[in-house]
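Take a moment with the sequence and the 3D view before reading on. Then follow the charged pairs and the ligand one step at a time.

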Amino acid sequence: MIMAETQFTPRVFSGIQPSGGLTLGNYLGAMKRFVQMQDAGSHETIFCMVDLHAITATLPDPATLRRNTRELCAGFLAIGIDPEKSILINQSQVPEHAQLAWIFNCIARMGWMGRMTQWKDKAGKNAEAASLGLFAYPALMAADILVYHATHVPVGEDQKQHIELTRDIAAKFNHDYGVDFFPIAEPVIEGAATRVMNLQDGTKKMSKSDPSDKTRINLTDTADEIAKKIRKAKTDPDPLPDALAGLDARPEARNLVNIYAALADIAPQAVLDSHAGALFGHFKMALADLAVEKLAPISGEMTRLMADPAEIDRILGRGAERARAITAPILDRTYDIVGMLKS
Ligand code: TYM
C-alpha cells in the first residue's frame, strides 16, 4: 500500500454541504482546522461547497440551493479562508468530481455502501424510497478527495467512516489495475470538539437539520441569540469537576467544556483548571462571552459578503479554473488506466 504522506504532494481537501446554515459544529469540528492548515503553509489547501451532495437527500428549491451555496462561500471567507492561499470551489463547477465518481461507483461494492451509518440514518426504514444519489454519496465524496490526490482530509468525527471508505476505494482501484495511482488519504480529526453535541440533548450531534433552533448555534446568529442559547442550554445542578473523569456521565456538561476549550484554543483540562467548583449558571456566562467574542464577527462579515454575490461568483469561477488545472490531468490519467479511448 502506498502511504499518502511519502509519495504525494501534501494536499488538504475538505467539503461542506450547502444545505442551509453553518453551525458551531461545522466551525469547531472542521472549519477552524481548515484555516489552521491553510495558514500553516505546509500543504496546498482546497475547500469545497458540495452542491451535488446537497441534492441527494431531498431536492431543494433551485433558488434556495443557489443562495445557500453563495452563503456557504461567504462563511468560508468570513472565517478566514483566503482564496489566494487556498483554492475555494463549488463542486458542480469542477466537472471532474462527478466524472471520477462514476468510475468509483464501479469500484465500490453495494455491501460497503450499505454499511455506511449515515446512509442508514438518512434512508431510515424506507430505503426503497431513498435516491440512488444518497446511496452513492460516499463514492462522490471519495472522488472529491481523490480527484486532487489529496493526502489529508480535516473533518469532524461523523465523517470518519466515509474517509475510511475513500481509502478502501483508492486501495481497490490501485489493486485492481495494478497501479500506485491514488493516495491513501489520512483523516485529520483533531481538537477538543470533533463532535459538538446538541445544546438540549448531549447524546445527539449538533445538526443544522434538527427542527429546533435552540439545539444549535448558527454562524449567522446575533450576539443576543448566541448568549441566549448558551444560557438556556441543558446542564445539570452539579459544579464543574476538577478532572475530566468527573464529566464522564454528564454529556451536556462535557459538551460545554469542550466547546469552551475549542473556542479558546486550550485543552479541556485547562478549562477545568480555571473553572473547577463553578456552577453552570456562572460558567455559562463566561462561555457566552467567549462565544460572542469569537462568533459574532463571523456573522457580521458573512452579511457584508452576501451583499455582493457577483464577487462571490467571481471567486468561485477563479477557484474552478485553478482546480481544473489539478483535476483534469488526474481524471485523464484515470481514464487511461481504465481503458477509455481518448478523443
Ligand atoms: P457536512 O456538510 O455535514 O459537515 C461539514 C463538516 O462539519 C463537520 N461537522 C461537525 N463536526 C463536529 N461536530 C458536529 N456537530 C458537526 N457537524 C458537522 C463534519 O464532520 C464535516 O467535516 N459528507 C460531508 C461533506 C463532504 C466532504 C467531502 C468532506 C463531501 N465531500 C470530501 C470531506 C471531504 C458532509 O456532509 O459534511
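This is a predicted model: local features need pLDDT of at least 70, side-chain atom pairs count only at pLDDT 80 or more; totals for chains, interfaces and linings use all residues.

Start with Arg11. Its partner is Glu44, and the closest N and O atoms of this salt bridge are 2.9 Å apart. Arg11 sits in strand 1 (residues 11-16), while Glu44 belongs to strand 2 (residues 44-49), so the bridge ties together parts that are 33 residues apart in sequence. How do the two partners compare in burial? Arg11 is buried, at a relative accessible area of 11%. Glu44 is partly exposed, at 36% relative accessibility.

Now find Lys85. Its side chain meets that of Asp39 in a salt bridge, 3.3 Å from N to O. Lys85 lies in the loop between helix 3 (62-79) and strand 3 (87-90), and Asp39 lies in helix 2 (residues 24-40), so this pair ties together parts that are 46 residues apart in sequence. Asp39 counts as partly exposed, with 45% relative accessibility.

Arg250 is buried, because its relative accessible area of 12% falls under the 20% limit. Asp236 is partly exposed, at 21%.

Salt bridges can also join into a network. Here, one links Asp213, Arg216, Asp221 and Lys229.

Turn next to the ligand. Which residues come nearest to it? There are 26 residues around the ligand, and Tyr137, Asp144, Gly156, Asp158 and Val196 come nearest. Some contacts can be followed atom by atom. A backbone N or O atom of Gly156 lies 2.9 Å from a ligand oxygen. Asp158 places a polar side-chain atom 2.4 Å from an oxygen atom of the ligand. Gln159 has an N or O atom in its side chain 3.1 Å from a ligand nitrogen.

How much of the ligand does the protein cover? On its own, the ligand has 710 Å² of accessible area, and the protein covers 96% of that. Strand 1, helix 2 and helix 7 (132-146) are the elements that give two or more residues to the shell around the ligand. By class, this shell has twelve nonpolar, ten polar and four charged residues.

Strand 1 holds Arg11 and gives residues to the ligand shell. Helix 2 holds Asp39 and also gives residues to that shell.

Conventions. Residues are numbered from 1 along each chain as its sequence is written. Side-chain values use heavy atoms; hydrogens and water are left out. A salt bridge is a side-chain nitrogen of Lys or Arg within 4 Å of a carboxyl oxygen of Asp or Glu. Helices (H or I, at least four residues) and strands (E, at least two) are DSSP runs, numbered from the N terminus. Buried means under 20% relative accessible area, exposed over 50%, partly exposed in between (1.4 Å probe, protein chains only). A residue is near a molecule or strand if one of its heavy atoms lies within 4 Å of it. A polar contact is a pair of N or O atoms within 3.5 Å; within protein, one must be able to donate a hydrogen and the other to accept it, and residues adjacent in sequence count only if both atoms are side-chain atoms. Accessible areas come from the Shrake-Rupley method with a 1.4 Å probe; for residues, only the protein chains shown count as cover. Ala, Val, Leu, Ile, Met, Phe, Trp, Tyr, Cys and Pro count as nonpolar, Asp, Glu, Lys and Arg as charged, and the others, Gly among them, as polar.
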